[in-house]
Amino acid sequence: MFNKVCIIGLGLIGSSLARNIKAQNLAEHLVCVDLNPKVCEKGKELGIVDQATTSFSVGVDDADLIILCSPVGSMSVVASAIADCVKEGAIITDVGSVKGSVVRDLQEHLPEYVEIVPGHPIAGTEHSGPEAGFAELFRDRWVILTPLPETDLRAVDKVSALWSACGARIEIMDHKRHDLVLGITSHLPHLIAYSIVDTANDLQEDMKSEVIKFSASGFRGFTRIAASDPVMWRDVFLNNQEAVLEILGRFTEDLSALQKAIRKGDGDYLYNVFTRTREIRRKIVELGPEGLPSPDRAGKD
């Protein structure tokens with residue numbers, strides 16, 4: 001599919017992509033760039049890349065496809081570092097869960113003769129590092145691409161084909177809409193999870209131990225989300241401020257309404273809210289984690 005592919009950042013997503021590219025022979029030569037020499041060594045040790053280097057210029061030299069798998073907060077630095085080394089016609093894509101800031105940073109630093117196809121795989125775990133990756137991570141998961149108006153459609157097709165080869169399903173979306181949608185489906189839940197677990201952490205020691213000991217499934221779910229990479233999520237919130245703050249404002253209003261209903265003993269209000277949210281849950285379960293309908297899933301989760 002490509003002569004040379006360069007993956008910058010060999011964490012969970014980068015290493016999972018590398019495993020797919022190697023296993024399916026999607027590139028003649030696969031190189032990773034990571035500023036941590038130990039990560040480079042581990043990539044070679046695992047056999048998931050042909051070459052590993054800490055040098056941006058070595059990594060992107062003559063690469064047909066460059067996949068940025070570094071935190072969204074580093075995109076400006078990375079784009080600036082590779083700007084003078086990318087060849088004409090190279091395709092630049094990424095895996096960040098914020099798209100507006102990525103579009104801004106890539107457009108600001110990269111030359112006009114490259115093709116920019118921002119992307120976001122809706123997949124992941126709370127684990128990180130090259131050892132955490134696995135080829136099946138993207139199977140039947142959505143990958144949202146947010147190409148620019150001027151992006152060559154052939155570049156979009158090539159990036160789509162790569163993700164399809166990894167088992168993913170492709171959706172094309174405007175980057176502003178992406179950030180708003182992900183603000184409520186991903187970013188806000190993570191923010192709430194971090195807040196709730198941190199609130200538990202502030203309890204007196206004797207009560208904290210009981211909270212941990214008697215954690216119900218709901219709280220356990222929050223702790224799983226709150227165990228996600230702190231660097232990545234710090235950058236997500238700092239780079240998606242507008243969408244997150246808009247969604248957070250709506251959530252705060254709804255939370256205040258629930259607080260008022262509890263204080264007033266308004267059971268009807270609470271019942272109606274819980275009924276509506278139960279219906280949303282039913283629809284999500286029917287679609288399954290990959291977002292596709294299946295009658296076999298209804299009522300199983």
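Which residues are linked with D62 in a network of salt bridges?

1. D62 is linked with D64 and K87 in that network. A salt bridge here is a side-chain nitrogen of Lys or Arg within 4 Å of a carboxyl oxygen of Asp or Glu. The structure holds 11 salt bridges.

2. A note on the source. This is a predicted model, where local features need pLDDT of at least 70, side-chain atom pairs count only at pLDDT 80 or more, and totals for chains, interfaces and linings use all residues. Residues are numbered from 1 along each chain as its sequence is written, and side-chain values use heavy atoms, with hydrogens and water left out.

3. R104 pairs with D105 in a salt bridge, with the closest N and O atoms 3.1 Å apart. D105 is buried, at 6% relative accessibility. R104 is partly exposed, at 48%. (Buried means under 20% relative accessible area, exposed over 50%, partly exposed in between, with a 1.4 Å probe and protein chains only.)

4. D140 and R169 form a salt bridge at 3.3 Å, N to O. D140 sits in the loop between β7 (119-121) and β8 (142-145), and R169 in strand β9 (residues 169-172), so the pair ties together parts 29 residues apart in sequence. Strands (E, at least two residues) and helices (H or I, at least four) are DSSP runs, numbered from the N terminus. D140 is partly exposed at 30%, and R169 is partly exposed at 34%.

5. E279 and R282 meet in a salt bridge at 2.4 Å, N to O. They are three residues apart in helix α12 (residues 267-287), so about one helical turn separates them. E279 is partly exposed at 32%. R282 is partly exposed at 38%.
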